[in-house]
Amino acid sequence: MADDPDTLRTRPGADDPVVPPPDLLTRLKSYEGHPAAVSAVGKDPVNLPMIRHWCEALGDAHPAYAGPDAVAPPTMLQAWTMGGLSGHTARSSSYDELLALLDESGCTSVVATDCEQEYLRPLRPGDVITFDTVIESVSGRKTTKLGTGHFVTTRTDVRVGGSLVGTHRFRILKYAPVAAMKTPPRPRPVVNRDNAGFWEGVEQHRLLIQRCTACAALRFPWLPGCAHCGGPDWDTVEASGEGTVYSYVVMHHPPFPAFDPPYAVVLVELAEGVRIISNVVGTPYDKVRIGMPVRLVFQAYDGELTLPVFRAAEEAAAEEAAVAEEAAV
């Protein structure tokens with residue numbers, strides 16, 4: 001038996017949507033106790049081929065489910081009641097009316113949450129199934145990670161020759177999907193006195209590399225002193241923007257706000273010899289390769305943040321040629 005989703009999956013609080021009119025819940029609960037199917041008959045008797053397929057699919061090799069004295073696995077109880085694509089003629093209108101009412105209230109999506117089964121005797125090949133289904137309960141409005149809606153529980157009593165052989169409770173959530181959340185803003189870089197000059201250059205669409213004035217060693221990322229000679233003084237040179245992918249990793253997990261995995265994070269070796277971590281834009285993550293020539297571009301995010309990223313060199317050249325041609329016209 002699964003955990004009760006009414007307690008497990010709800011998360012009431014400040015995020016709860018506006019509560020619907022109270023008469024809606026009254027109307028929904030008026031369907032409790034109404035039949036969903038009356039005197040329905042299983043479309044097929046219990047049979048060995050279905051038992052075999054079930055056991056093969058689940059890898060269940062229990063000897064009780066094979067041979068001349070085979071019984072059906074108890075967990076197949078619902079399988080014998082299913083109507084398939086054509087449904088059951090014994091289905092009542094009450095269940096459809098309840099679902100339609102939930103649709104009208106905005107709860108247009110549905111997901112099965114859990115089921116409970118009780119077995120009173122084994123089913124054997126040749127048994128003809130009859131069953132009745134009742135709408136057992138409709139919950140109050142619940143807020144879940146999927147959205148806000150109502151849990152609907154039905155109970156099906158399964159019989160053979162008029163005798164009860166099992167009971168099946170099935171619960172669904174009929175819900176209004178959570179509205180698509182606005183993409184959160186891109187994380188902002190930490191700017192301090194050691195790297196402020198770099199970010200000022202980015203705002204001007206210039207990628208600046210520190211250069212030690214004592215030994216002329218280039219360094220990136222920006223540091224307060226030279227790692228080669230220890231000299232504290234430096235100036236800058238502007239990167240040409242040419243580079244190659246030195247290494248990369250494709251991020252799948254964990255998801256992070258403002259990023260849409262999978263995506264490639266690349267270590268680009270610039271023509272000047274230093275390396276920078278960035279992204280390749282305009283190229284699918286599974287097309288990024290070590291040694292791929294790339295060219296620097298500056299991309300705006302959220303209307304106020306500019307970041308240095310890279311494009312495949314061929315794509316960047318084609319784009320520049322198209323812009324030049326359009327300008328010439």
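Histidine 205 is partly exposed, with a relative accessible area of 46%. In this predicted model, the residue also has a positive phi of about 60° although it is not a glycine.

**Positive phi values**

- Histidine 205 belongs to the loop that runs between helix 5 (196–203) and strand 7 (208–212).
- Serine 39 is another residue other than glycine with a positive phi, here near 50°.
- Serine 39 is placed in strand 1 (residues 35–41), whereas histidine 205 is in a loop.
- With a relative accessible area of 53%, serine 39 counts as exposed, because the cut-off for that class is over 50%; histidine 205, at 46%, is therefore classed as partly exposed.

**Cis peptide bonds**

- Phenylalanine 220 is joined to proline 221 by a cis peptide bond, with omega near 5°.
- Proline 221 is found in the loop linking strand 8 (218–219) and strand 9 (234–238).
- The peptide bond between proline 261 and proline 262 is also cis, and its omega is about 0°.
- Proline 262 sits in the loop between strand 10 (242–251) and strand 11 (263–270).

**Largest pocket**

- The volume of the largest pocket is about 570 Å³.
- Its lining comprises 21 residues, and those nearest the centre are Gln78, Thr81, Arg91, Tyr95 and Thr133.
- At least two lining residues come from each of strand 1, helix 4 (93–104), strand 3 (129–138), strand 5 (147–160) and strand 6 (163–177).
- Strand 6 provides the largest share of this lining, with four residues.
- The lining of the largest pocket divides into nine nonpolar, 10 polar and two charged residues.

**Second largest pocket**

- The second largest pocket holds about 380 Å³ of space.
- Of the 15 residues that line the second largest pocket, Arg186, Pro187, Trp199, Ile277 and Leu307 lie nearest its centre.
- Helix 5, strand 12 (275–279) and strand 14 (305–312) each give two or more residues to this lining.
- The largest share of the lining of the second largest pocket, four residues, is supplied by strand 12.
- By class, this lining contains 11 nonpolar, two polar and two charged residues.

Notes. Residues numbered from 1 in each chain as written. Predicted model: local features only at pLDDT ≥ 70, side-chain atom pairs only at ≥ 80, totals over all residues. Heavy atoms only, no water. Buried < 20%, exposed > 50% of the residue type's maximum accessible area, 1.4 Å probe, protein only. 1 Å grid on protein atoms, 1.4 Å probe; cavity = no way out; pocket = protein on both sides within 12 Å on 5 of 7 lines; lining within 4 Å. Points joined across faces, edges and corners; volume = space filled by probe spheres on them. Nonpolar A, V, L, I, M, F, W, Y, C, P; charged D, E, K, R; others polar.
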